[in-house]
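This report covers a ligand site, a helix and some ring contacts. Please look at the model before reading on.

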Amino acid sequence: MIRFENVVKAYPRTARPALDGVDLNIPQGQFAYLVGASGSGKSTVIRLLLREERVTSGRIQVAGRDLSRIRRREIPRLRRDLGVVFQDFRLLPDKTIYDNVAYVMHVLGTRPKQVREVVPATLELVGLSAMSRRLPHELSGGEQQRVAIARAVVKKPRLLLADEPTGNLDPGTSREIVRLLGRINESGTTVLMATHDDSIVNELRRRVIELDAGRVVRDEADGAYFAPRPQVDPAVAHSTSAEPPTATAESVNASPGDAQPVESTSRLGAQPGLDGGAAHQGAQRQATAARALIPRRDSAQPEPQAARAAGAATATEVGR
Ligand code: ADP
Ligand code: MG
């Protein structure tokens, strides 16, 4: 679905390239996180995929199309197949929730009868049916982001790009948004979510691609994030790190999320001066080790046969 071949992107008048030899292959139906510190190049990847920027060298293909070869007038057609969600929602402030979502369909030239069917179904999908008559400012941040997601997926894009979609949200709401993106992925949409919030990847365990200064430094099929260790007595810290990385038979049989802290971490957690953070971390490691041994259902699914919306603009365009 997405293929980067030795992609270099150097913005004018900058000392080093924003992307420096990136190779990536994201198959249709996959959910991938793009993580990395601020400035590592995540938004540049998204902007290149939207053809808002062009590569300096290398090649990008989206659904078999070479982005450096498509002409300017073909860009709307490319974007029609992409849904995009941003940190700042970008809703139309004076339109109702319903109209924010319906507007995309009108722009695409969808028949009114179909709009009346698809918009309520999409609002239902994101859990906002009861709020369809409200204006964006009457919604919480998490609800506004769900509207933005509804708007991005109402045209049934093959690829959903999300650039820091949880950047303005509290941790609980962020987890809900990630779970919603996961459900959208399960219906067959490829999802690429850029985030600087490493810990969010634990909410839904999927592929994790990490950028550092424009280079891919990690690419794990089922990545996880471990919080930096709490500052503890070095002797205690040592015993934590000595914990074997292999899973016990017991933990392998436990269902994911069910893993119990192993004995050594329980003891650690009980020590004065430790708030249980180390114990939690140990338990997480154990769960991870266990999960690594449990075959995960392949998230790749056949492409949905739903008719691709035909017409013009994308959520990006109408959101501006
Ligand atoms: P991230 O989204 O991971 O924070 P970006 O892709 O926005 O990273 O930025 C990567 C690097 O490219 C940074 O060093 C940033 O300053 C630089 N950069 C991004 N956009 C531009 C631009 N339009 N002009 C010049 N430099 C830019
Ligand atoms: Mg960014």
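## Conventions

A polar contact is a pair of N or O atoms within 3.5 Å; within protein, one must be able to donate a hydrogen and the other to accept it, and residues adjacent in sequence count only if both atoms are side-chain atoms.

This is a predicted model: local features need pLDDT of at least 70, side-chain atom pairs count only at pLDDT 80 or more, and totals for chains, interfaces and linings use all residues. Residues are numbered from 1 along each chain as written, chains are lettered from A and ligands numbered from 1 in written order, and side-chain values use heavy atoms, without hydrogens or water.

## Ligand 1

The shell of ligand 1 holds 13 residues, each with a heavy atom within 4 Å. The closest are Gly39, Gly41, Lys42, Ser43 and Thr44.

Lys42 places a polar side-chain atom 2.8 Å from a ligand 1 oxygen. Gly39 uses a backbone N or O atom, 2.6 Å from an oxygen of ligand 1. Arg47 has a polar side-chain atom 3.2 Å from a ligand 1 nitrogen.

## Helix 1

The buried residues are Lys42, Thr44, Val45, Ile46, Leu48 and Leu49.

Just after helix 1, Arg51 has a positive phi of about 60°.

## Charges over rings

Here NZ of Lys or CZ of Arg must be within 6 Å of the ring centre and within 35 degrees of the ring normal. Arg90 sits over Phe86, 3.7 Å from the ring centre. Arg133 lies over the ring of Tyr98, at 5.2 Å from its centre.

Notes: Buried < 20%, exposed > 50% of the residue type's maximum accessible area, 1.4 Å probe, protein only. Helix = DSSP H or I, 4+ residues; strand = E, 2+ residues; numbered from the N terminus.
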